Amino acid sequence: MNRKVYYYAGEEIKAHKLSWIIGIFVLLFIASVLVLSIYMFFDTSHDVNISRLDVMEDTPDEVLILHPEPIVKLANDSSELPPDIESSHATADDRWTSLLEINGDIVGWITVSGTDIDYPVMQTGNNTDYLTLDFYHNYSVFGTPFIDYRCSLHPKSKNIVIYGHSVNGTDLMGQLHNYLNQQYYDENRVIGFDTLSHNTLYEIIAVCLVHTTGTDIIDYTRTDFFHPDMLIAYVDAMIAASQVTTTTQYSAEDYYLTIQTCSKHYDDVKLVVLAKEVLR
């Protein structure tokens, strides 16, 4: 009886010692994993911080401010253009020919009264290329204004849609934010859009902050409409959503220009300007 009791007690002692040893190994393993994880975290953070520091030190201040140099130079600095474009005797055809030799994707040139918007407009088979390319086909965070690939200039779509970045809320197409002010809009409402075949003037008739999510979305990207009523429904919706008022008359016989850029106020909103053709 005593032996039996001692035997079972011994087994319990052995089992207790084994559990204790296993527990120590488990604790040591967990501690090792934690130490290794903490080390890797701080080591990675250090590398990231160094990388950011290198970028900051190697980046000129004017680049950090995000000035859209490539497009501005093309519009305002004649030294960037070929000699025949600089010449006051050059014809419109000469100028387009020279621009096309630089980049065959150019299809037009846009200017907006009361702003510094004076840029080439591009078009390719997609809506992504010129989000990050300048006129010279170099990478640029500023991109270049471009027409929706579904638009046609010959014959002309009823609604030509142009996309362009808003930089710092004031540069590039960001200057369109000025049109949210009624007085500014009343004094500056003309857009010039020249193509290879026509020089056209448009009058701005709506300036909208359009939501990209939710139920009240206006599809401003439509380029053609199957029925005149569909076109008028689009224009009516934009007029109703406009931040400014207009007395300009419009109809389904008119041609329209829609310009979209990012809103400087909201992430899920686009600033969209609608204009109708008034002179061609």
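Which residues does Ile-191 touch, not counting residues up to four places away in sequence?

1. Ile-191 touches Ile-110, Thr-111, Val-112, Thr-200, Leu-201, Tyr-202, Ile-204, Leu-257, Ile-259, Val-273 and Ala-275. Contact here means heavy atoms within 4.5 Å.

2. Some ground rules come next. The model is predicted, and local features need pLDDT of at least 70, side-chain atom pairs count only at pLDDT 80 or more, while totals for chains, interfaces and linings use all residues. Residues are numbered from 1 along each chain as its sequence is written, and side-chain values use heavy atoms, with hydrogens and water left out.

3. Ile-191 is also among the residues with the most contacts inside the largest nonpolar core, together with Ile-110, Ile-147, Ile-162, Leu-176 and Phe-193. This core has 41 residues. Its largest share, 5 residues, comes from strand β1 (residues 106-112). A second, separate core has 15 residues, including Val-210, Ile-218, Phe-225 and Val-272. A nonpolar core is a set of buried Ala, Val, Leu, Ile, Met, Phe, Trp, Tyr and Cys residues joined through side-chain atoms within 4.5 Å. Buried means under 20% relative accessible area, exposed over 50%, and partly exposed in between (1.4 Å probe, protein chains only).

4. Strands (E, at least two residues) and helices (H or I, at least four) are DSSP runs, numbered from the N terminus. In β4, 5 of the 5 residues are buried, so the strand is largely enclosed by the rest of the structure. Asn-159, Val-161 and Tyr-163 point one way from β4, and Ile-160 and Ile-162 point the other way.

5. What does β4 pair with? In the antiparallel sense, β3 pairs with β4 over 2 bridges, and Tyr-163 in β4 is the bridge partner of Phe-146. With strand β9 (residues 256-262), β4 runs parallel, joined by 5 bridges. Ile-160 stands opposite Leu-257 in β9. Two strands pair if DSSP finds at least two bridges between them.

6. The loop residue Thr-223 lies between β8 (199-211) and α7 (228-241). Thr-223 counts as buried because its relative accessibility is 8%. Leaving aside neighbours within four places in sequence, Thr-223 is in contact with Arg-150, Cys-151, Ser-157, Lys-158, Asn-159 and Val-161.

7. A salt bridge is a side-chain nitrogen of Lys or Arg within 4 Å of a carboxyl oxygen of Asp or Glu, and by this rule the count is 5. One of them joins Lys-156 to Glu-277, with the closest N and O atoms 2.2 Å apart. Lys-156 lies in the loop between β3 (146-147) and β4 (159-163) and Glu-277 in strand β10 (residues 269-279), so the pair ties together parts that are 121 residues apart in sequence. Both Lys-156 and Glu-277 are buried.

8. Asp-186 meets Arg-189 with the closest N and O atoms 3.2 Å apart, and the side chains of Arg-189 and Glu-203 meet at 3.1 Å, N to O. These salt bridges join Asp-186, Arg-189 and Glu-203 into one network. At 41% relative accessibility, Asp-186 counts as partly exposed, whereas Glu-203 is buried, with a relative accessible area of 16%.
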